[in-house]
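Thanks for coming, everyone. Please have a look at the structure before I start.

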Amino acid sequence: MMSDRCLAIIGGGPAGLFCAIQAADAGLRIQVFEKNRACARKLLMSGSGQCNITHDGETRAFLTHYGDNGSFLKPALLNFQNHDLVTFFSEHGVQLETEPGGKIFPVSRKAHDILEVLIRECSLAGVKIRSEEPVIEVSHESGRFLIRTGKDSLYVDAVVIATGGETYPATGSTGDGFRLARTLGHQVTGTGPALTSVNVQNYLFADLSGISFADLPITLFRDGKKIRTHTGDLLFTHTGLSGPGILDFSRFIRPGDLLKVSFVPGNDAQKVNAILVELIAAAGNRQVKTVLGKFDLPERLIRKLMEIAGIDLELTGPHLSKKDRTSLVDLITACPFVVRSLGGPDEAMATRGGVALGEVNPKTMESKFLPGLFFIGEVLDIDGDTGGYNLQAAFSTAMLAAKRIRMIEGQNLSSSSK
């Protein structure tokens with residue numbers, strides 16, 4: 001039976017819509033406020049419109065794909081796992097398939113099929129979607145929340161903020177949730193672009209744009225100190241570095257940082273130097289560029305590294321000086337790239353930073369000091385790697401919030417019947 005109690009969900013993306021569906025049987029009147037004319041515009045762009053909705057594998061392995069904040073998501077990911085998400089959409093008419101690398105997509109490769117299910121199920125559950133109605137302000141008065149839009153003001157009993165981050169602003173992700181969280185007393189950690197490329201100062205590899213490498217070690221230095229190392233695929237662009245390895249690592253990178261890339265995984269400078277000495281000794285009068293080919297490096301990269309080191313392309317092995325050999329080894333094992341900037345909001349696929357996790361209960365997604373207020377999805381200080389991890393987090397946190405809302409409403413119903 002429908003009660004007079006009301007739940008407001010701010011943001012009609014996948015997290016907000018899924019939360020509405022899952023909370024619908026609590027008996028609340030549910031209203032979703034969406035600033036755009038249509039819901040989930042960013043979802044329709046995900047995976048180039050194909051919607052990489054989640055990733056295959058054991059759920060516990062997911063925890064390593066959210067930077068330093070994966071532990072916060074443990075209750076959500078274990079409560080609603082990747083196979084649960086696959087089952088939900090399969091049961092609602094969208095078949096999913098797994099690529100060899102583990103990414104999971106709709107068989108149709110159409111993000112619209114995912115959105116269609118979410119909209120349809122909201123409609124069937126009696127959820128009211130208020131499009132083109134951005135929430136301007138949320139306040140808390142006498143145990144209830146006052147929602148103010150440009151068209152209306154209304155009191156509700158619970159609020160879920162599911163506004164996403166601040167990347168791809170053309171889709172409506174403009175950081176509204178961060179502003180609302182602050183007005184309700186929550187801290188927001190420093191935000192910026194994540195899952196984005198890196199632009200490099202004095203970039204020397206523009207003519208190698210399009211060349212990619214698999215599983216390269218990338219080490220981050222800041223103010224002369226080693227911060228961390230990451231391994232992943234790398235792509236040269238016209239202005240710097242991209243590829244999954246850089247995108248996933250970008251949450252930690254800041255302008256002015258130094259990245260050192262090794263093009264020979266598993267080999268340090270000392271080992272590469274020893275190997276190079278042996279190869280030159282065995283190669284007779286062969287050119288250095290030919291000898292370097294034994295490291296399985298692209299010819300264009302070899303030529304570029306020799307050019308940067310100031311070594312004649314026609315130089316033969318016996319004429320390579322120790323100094324030049326050292327320069328080559330350094331470039332091969334720790335090629336330096338100084339970060340000029342990161343890809344901006346229009347390019348970044350996710351937002352790092354967000355609502356401070358220490359103020360949110362990881363088992364319910366509810367505010368620790370304002371009962372009835374929930375945060376789900378990318379508005380939280382969580383961002384996942386490429387491969388469907390962010391969407392899985394959106395659905396999993398939405399389910400936890402909905403579960404808590406159902407429990408609260410069940411308690412209220414029980415109390416009122418006594």
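How do the residues of the lining of the second largest pocket divide into nonpolar, polar and charged? Three are nonpolar, nine polar and six charged. Keep in mind that this is a predicted model.

Let me stay with that pocket. The volume of the second largest pocket is about 280 Å³. Its lining has 18 residues. Nearest the centre lie His-65, His-230, Thr-231, Asp-248 and Asp-385. Two elements give two or more residues to this lining: β14 (225-236) and α8 (244-249). β14 gives the most, with six residues.

Now the helices. Helix α1, residues 14-23, packs against helix α6, residues 111-124: their axes come within 9 Å and cross at roughly 35 degrees. The crossing is left-handed. On the α1 side, the contact is made by Pro-14, Leu-17, Phe-18, Ala-20 and Ile-21. On the α6 side, Leu-115, Leu-118, Ile-119, Glu-121 and Cys-122 make it. What is the division here? Nine of these contact residues are nonpolar, none is polar and one is charged.

Last, a sheet. It is open, has three strands, and runs in the order β7-β8-β9 with antiparallel pairing. β7 (135-141) and β9 (153-156) are the edge strands, each pairing on one side only. From one strand to the next, the twist averages 20 degrees. β7 pairs with β8, residues 144-149, over six bridges in the antiparallel sense. In that pairing, Val-135 stands opposite Thr-149 of β8.

That is the tour. Over to you.

Conventions. Residues numbered from 1 in each chain as written. Predicted model: local features only at pLDDT ≥ 70, side-chain atom pairs only at ≥ 80, totals over all residues. Heavy atoms only, no water. Axes fitted to C-alpha atoms, helices over the stretch in contact; angles between N-to-C directions. Helix = DSSP H or I, 4+ residues; strand = E, 2+ residues; numbered from the N terminus. Left-handed = near helix turned anticlockwise from the far one by under 90°. Contact = heavy atoms within 4.5 Å. Nonpolar A, V, L, I, M, F, W, Y, C, P; charged D, E, K, R; others polar. 1 Å grid on protein atoms, 1.4 Å probe; cavity = no way out; pocket = protein on both sides within 12 Å on 5 of 7 lines; lining within 4 Å. Points joined across faces, edges and corners; volume = space filled by probe spheres on them. Pairing = 2+ DSSP bridges.
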